[in-house]
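Let's take a friendly walk through this chain together. Have the coordinates open in your viewer as you read.

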Amino acid sequence: MDGITGEVSYVPGEDSASMTVEGMDPAPEGQVYQVWAITDGAPASIGFLPVAEDGTGSAELDAELSTGQTVAVTTEPDGGSPLPTSEPVFGVEI
């Protein structure tokens with residue numbers, strides 16, 4: 001997706017995961033990248049993805065991920081949103 005590469009790592013049955021990205025622009029001023037686990041169309045916030053000026057970012061995510069879920073990143077107002085307010089910047093199916 002426009003030069004963005006990354007990885008989502010998790011261990012089935014564990015309540016944590018991690019995400020790393022390269023090639024992303026930092027979030028616009030007054031906004032953050034929020035990470036969502038989407039199950040059967042229902043999004044749940046699992047953390048935030050800070051991205052540095054060099055385009056790299058990493059986050060520890062508070063989620064038990066499993067096959068069939070989608071992990072997506074959206075741009076949200078500072079502090080995040082209870083539900084996504086924008087289209088995903090990118091997403092990956094687990």
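What follows goes from the chain as a whole to one of its sheets.

This is a predicted model, in which local features need pLDDT of at least 70, side-chain atom pairs count only at pLDDT 80 or more, and totals for chains, interfaces and linings use all residues. Residues are numbered from 1 along each chain as its sequence is written, and side-chain values use heavy atoms, with hydrogens and water left out.

Start with the secondary structure: there are zero helices and seven strands, where helices (H or I, at least four residues) and strands (E, at least two) are DSSP runs numbered from the N terminus. Along the sequence this reads β-β-β-β-β-β-β.

Now look at the overall dimensions. The C-alpha trace spans about 35 × 25 × 20 Å along its principal axes. A compact globule of 94 residues would have a radius of gyration near 12 Å, and the chain agrees because its value is 12 Å; the radius is taken over C-alpha atoms, and the globule rule is 2.2 Å times the number of residues to the power 0.38. Buried residues make up 34% of the 94 residues (under 20% relative accessible area, with a 1.4 Å probe and protein chains only).

Next, zoom in on a sheet. Three strands form an open, antiparallel sheet in the order β1-β2-β5; two strands pair if DSSP finds at least two bridges between them. Its edge strands, β1 (5–10) and β5 (57–61), each pair on one side only. Strand β2 (residues 17–22) pairs with β5 over five bridges, and Thr20 has Ser58 in β5 as its bridge partner.

Notes. Buried < 20%, exposed > 50% of the residue type's maximum accessible area, 1.4 Å probe, protein only.
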